[in-house]
Amino acid sequence: MDSDRPALGDAVGGGTTAQPDPVSRLVGRERELAELSRRLDAPDGPGLVLVHGERGAGRSAFARAAAEELRTRGRTVLSLGCAEGDQERPLLLALRVIAAARKHRSAAAPQGAAGTPDPESEALSAVERGDQAALAETLLSVLAYDTGVAVVVDDAQYADTVSLDVLSDLATAQGSAPDVRVVVAMTGAGRPGGDAERWSQCGSAWTISLPRLAAQQVAELVARRWQAVPDPALVEQAFELTRGIPAAADALLTEWAAQNAVRIADGHAFLAVDAPVPVLPDDDRFMRALYALGEPCWTVAAALSVLWPLGRAAVRPAVDSTGLSGRELGDGVQRLVAAGLVDELPGEAEGTVRGWMFRSPLVEHAVRERLGPLERARLSAAGVRELWAVRDDSGAKIPEEPPSMLVAEADAETYLPDRIADAGVLLDRDRSVAELTAAADRIYPDPGNRGMLRWLRAALLLVEEPAAREQALLQYTNAAWVAGDHATAGRTAETILRDPSDVLSGPELQEMASLPVVAAAAAKDWSRLTRMGSAKWWDDMPLPPQAVGPARALALCMVERWQEALDLLRLTEATWRTDPHTRVIPELVLAVGDMVQGRTDLLTRDISTPPSRELPPGALYGMTAAHSLQLLGATDLYGALALLRTRGMTPETLPPGSRFLVLHLQGRWDEALALARRMVAKDEAFTAAPHHHLFTARTAAILVARGKTAGAARLIADARGSGNGPLEIFLDLADSGVLRTMGDSPAAEKALRRGLRAADARGYAHGTDELSAALAEVLADTGRAGEATAYLRRLADLAQRTGSERTRLLYLLASARVLGRDDTQGRAMLHEAVELARSRGQPFETAVTLASAAGHSGPPKLLHEAYELFGDTGSVLRRFHARTAMREAGLTVPGRRQATAENERLLATLITEGLTNRQIATVLRLSEDAVANRLSRLFARTGLRSRTEVVSAVLTGRPLTAHER
C-alpha cells in the first residue's frame with residue numbers, strides 16, 4: 001500500500017456522499033426520471049440502472065433526483081460518490097457501501113447483541129485476503145436487513161471494476177438476492193474495456209442516456225433563474241454558446257447573473273446590449289478538466305480555439321505557431337476528445353475526420369480569451385495567411401463572399417474579419433483594411449451585433465495616411481450611430497470636429513456636429529446639452545457657421561428651450577439656407593418648434609412639399625423619419641403611413657420608437673409591447689424632442705389596459721429625471737391613468753394639474769390636449785362639472801388652432817362626460833365622436849369611443865363592437881369592464897369559456913402586480929367578497945395553491961388556465 005495514501009479504513013469512511021452539483025434542477029430530464037420511477041416500481045423492474053451522459057450532462061443531478069424519488073417510494077437509499085484514484089483501490093466501493101449500510105442500520109435500530117460479527121471487519125478481512133466471494137456474501141448480508149434497498153453511485157467511471165461487478169451481480173441476481181436496486185451514473189459509455197456494455201447486457205439491467213437540452217429547455221432554465229419570460233434572442237445565444245449541455249448552460253447563466261447582464265422589462269428577460277460573452281472562471285468544471293490534462297493539451301486547445309474553423313487545414317498553422325510536432329498535436333487532440341471537451345467532425349467517407357470542434361463554444365471562448373495578445377495575434381495571423389493562400393491560388397483578392405474552405409459548423413461570415421482584427425499589424429495593412437471594410441459592409445447595419453464596429457475599429461487602427469484615416473473615422477462614426485452605439489458615435493464625431501480636414505464638406509460637418517448633441521440627449525445628459533446650446537461650447541472647434549448654428553439650436557430644443565432655438569435659427573438663417581442638405585435640420589427644428597407652441601402650418605407645409613432631389617439618401621431618410629415621428633406623436637396614423645408611401649419607405653424602416661408608435665396606433669399591442677420591452681431592456685427608448693417621454697406614456701397605457709398597474713407605475717418612475725431635463729407632461733398624463741385605475745382621483749388630478757402648469761410655464765401647447773381632457777373627466781366624475789368647463793374651452797380653442805382630429809375627438813368625449821348621459825347635446829357629440837373615431841382607424845381609440853357612446857344610452861351593438869376591439873388589442877382590463885357593462889345591460893357575452901379564461905388570467909396578473917384584495921376590487925369595480933370568491937375558483941381550477949405559485953406561473957410564462965393548456 002502506498003505510503004502517501006490514506007489507510008484503507010480512512011478511505012472507506014470518505015467519499016460516501018455525492019457532492020452537490022450546480023445543475024440541480026432537472027429541466028429536460030422529466031421524461032427519463034418518470035420512466036425510471038415507473039420501471040423501479042415494477043416488480044420485475046431492473047435491478048441495475050446505468051446512467052450515461054457526456055461531461056456536464058447532469059448525471060449527478062439525475063442521480064440525486066433518482067435517490068430522492070426512491071426515498072419517496074419507501075426505499076432505503078445509500079448514496080455514494082467516487083473520485084479520481086478510486087479505481088486503483090480494488091473493492092473500495094464495496095467497502096463504502098457496507099460502511100454506509102451499517103451506519104444507516106445503526107441509526108435506524110439499536111445495536112446488536114455482544115459478539116455479533118462486525119460486517120466492516122469481515123469485509124476488510126475479505127479484501128486483505130482478496131476473497132471477492134466472501135466480500136459479496138458480507139455485502140449481501142448487510143443489505144438484507146431491510147426490504148427495498150437502493151444503492152446510488154455517482155461518478156462511477158472512477159470506481160474500481162471489482163466493486164461494480166459485485167454490485168452488478170447482486171442487483172441482477174434473480175430470486176436469490178434481497179430486493180436491491182443499483183443506480184450507477186458515469187461519463188459517456190463507461191471505461192474502455194467494455195464494462196458498461198457488459199453490464200447493459202445483464203438480464204435485468206436498463207440504460208439511461210441523458211441527451212443535451214433542446215432550445216426550449218434552455219429557455220426554461222432562463223425562466224426559472226430570473227422568474228421572467230426569456231427573450232428569444234437571449235435563448236438563441238445561450239443555446240448557441242452551450243449547445244444544450246446542461247452544465248455549460250448553468251455556468252453561462254451564473255456568469256450572466258454575476259455580470260448583471262440580463263435586464264428585466266415587463267416580466268421578460270433580455271440580454272443587455274453591451275453584455276460580453278462571459279469567460280468561464282478557473283474553477284469551472286470544464287476548465288478544471290482542461291487544466292488536469294496538462295501539456296500539450298492546453299497548447300493544442302489554445303490553437304484549436306483560434307484555428308478549428310479551418311478543419312484539417314488547421315494542422316499546419318497550428319504546428320508552425322505552437323512549435324509542437326505533428327504527433328504531439330495529434331496526441332493532444334485525441335486526449336481532448338477523450339476528455340469530452342472536443343468533438344471530431346466526421347468526414348464524408350466512413351472513418352475519416354474533417355476537423356475538430358469544441359463541444360461548447362463557451363469553453364472555446366474561455367480558452368481563446370486566456371491567450372496573451374501576442375499569442376492570439378500570432379495564431380490568428382497564421383489562420384488568415386492559410387485562407388489568403390487558398391484565395392490567392394484562385395486568383396481573387398477581396399471576395400464578395402466569405403471564405404468557402406471553412407468547415408460548415410463555423411461562422412464563415414465573421415471568422416476571417418475576426419482573425420484579421422486579432423492579428424493586427426502582423427498582416428499586410430492595406431489588405432487587412434480592405435478585408436475588414438468589405439466584411440463590415442456585408443453585414444451593415446449589423447442588427448445582430450456580430451462585429452461590424454469591431455472590424456471598422458480595427459481597420460481604423462491600421463490606416464496610416466491622414467486623409468484615408470479621416471474617411472475611416474467618418475465611416476466608423478456613422479456605423480456606430482446606425483448600430484445604436486450613440487455614445488461611441490458622439491465621441492468619435494467630436495474627435496473629427498475638433499480637427500476637421502478639407503475632406504469633409506459643409507453638410508457632412510453639419511451632420512457630424514449634430515451627432516454629439518443627439519448622443520448627449522440619448523444619454524440624458526441635460527447639463528451637457530445646456531452647455532452645447534451656448535456659443536462658447538463650440539468656440540474651440542474650427543467649424544463653419546452652417547454647422548454650428550443648427551447644432552446649437554438642436555441642443556436647445558432637446559432641453560425644451562424652443563423659443564431660443566427658433567430665435568437662433570432665424571438670426572443665422574443666411575448661413576444655413578444655402579444648400580438643400582444644410583436646410584434639413586434647421587427647417588425641421590423651426591417646424592417642430594412652431595408645432596410645440598400650437599402652430600402647425602409650417603410643419604404641414606414641409607411635410608406636403610416634395611423633398612429636393614439633391615438630398616443624399618441618408619438626409620432624405622432622416623427628414624422622413626422626423627416628419628413621421630411628428631405625425632405619429634400627434635396620433636395621425638394615416639398621415640404618417642401616407643407620407644412613408646410617398647417617400648418610398650415602410651414602417652419597418654423607421655427607428656424603434658416610431659415603429660412602436662405605429663404598432664400602438666394600429667392596435668397591434670402584442671407586437672408593440674414586445675418591441676417596447678426590448679427597447680427598455682436594451683436602453684433604446686430614446687425619442688427626440690418634443691416626444692422624449694411619449695414612448696413611456698404609451699407603453700404605460702398599454703400596461704394599464706392589461707391590468708399591469710404596478711408595472712406601469714415603475715416604468716413611469718424610472719423615466720423621470722431630476723428636474724433639469726425636458727418636460728414630463730406625458731409622464732404626468734400616464735401617471736394619472738394609473739392613479740385613476742387604482743381609484744385615486746385626487747392624486748390623478750394633482751398629476752394632471754402639475755403637467756399643465758409645467759406646459760404653460762414653457763409656452764407649450766403640444767400634448768396639453770390629453771391633459772386637459774383627462775382633467776375635465778376627473779373633475780366631472782367628482783361632481784365639479786362647472787370647473788371642468790374651463791378645460792373644455794381650452795380643448796376647443798386648441799382643436800381650432802391646430803386642426804387636430806385627435807384634439808377634436810378628445811373635446812367631444814370630455815364634453816359628453818361633463819354634460820352627463822341624459823344630455824341631448826352630449827349624445828350628439830358622441831355620435832360625431834363615433835364617426836370621427838371610425839374614420840381614424842385606430843382600434844383602441846375607437847373601442848374607447850364606442851364604449852363611452854354605449855354608456856350614454858347608445859345602441860347596444862356599440863358595446864359589442866367595443867368588446868371585440870378591446871379583445872383585438874389584448875386590453876383585458878378594459879374588456880373585463882365592457883363585459884360587466886354588457887351583462888348589466890342584459891346583453892349576451894360571447895365565448896363563455898374564453899371569457900372565463902380571460903378573467904382568470906387577468907386576476908392572476910393583478911396578483912402578480914402585488915395588489916391586495918381591496919385594490920383588486922377597486923381595479924375590477926367589484927366587492928372584496930366577490931374578489932375572494934374569484935380567487936378561490938382560480939386556485940381550484942388551476943391546481944395552484946397560493947399567490948406565490950400564481951406569481952411564479954405568470955412570471956415564467958407557464959400555462960395558467962385549462963384553456964391555455
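As what does Leu426 count, and at what relative accessibility?

Modeller: The model is predicted, with local features requiring pLDDT of at least 70, side-chain atom pairs pLDDT 80 or more, and totals for chains, interfaces and linings using all residues. Residues are numbered from 1 along each chain as its sequence is written, and side-chain values use heavy atoms, without hydrogens and water.

Leu426 counts as partly exposed because its relative accessibility is 37% (buried is under 20%, exposed over 50%, partly exposed in between; 1.4 Å probe, protein chains only). Leu426 lies in the loop between α18 (415-423) and α19 (429-443) (helices are DSSP runs of H or I, at least four residues). With Leu374 and Val425, Leu426 forms a nonpolar surface patch of about 290 Å² accessible area together (patch members have over 30% relative accessible area and no salt bridge, nonpolar side chains being joined within 5 Å; a salt bridge is a Lys or Arg side-chain nitrogen within 4 Å of an Asp or Glu carboxyl oxygen).

Turning to the rings, the whole structure holds 5 aromatic pairs (centres within 6.5 Å; planes under 30 degrees apart are stacked, over 60 edge-to-face, the rest tilted). Trp537 and Trp538 pair edge-to-face, at 4.8 Å centre to centre and 70° between the planes. Trp537 is buried at 15% relative accessible area, and Trp538 is buried at 3%. Trp669 and Phe844 are tilted, with centres 4.6 Å apart and planes at 40°. This pair links helix α34 (residues 669-681), which holds Trp669, to helix α43 (residues 843-855), which holds Phe844, 175 residues apart. Trp669 is buried at 2%, and ring pairs join Trp669, Phe844 and Phe870 into a cluster.

Definitions and conventions. Patch = residues over 30% accessible without salt bridge, like charges linked within 9 Å, V, L, I, M, F, W, Y side chains within 5 Å. Areas by Shrake-Rupley, 256 points an atom, 1.4 Å probe, with all protein chains shown as cover. Helix = DSSP H or I, 4+ residues; strand = E, 2+ residues; numbered from the N terminus. Phe/Tyr/Trp six-rings, centres within 6.5 Å; stacked < 30°, edge-to-face > 60°.
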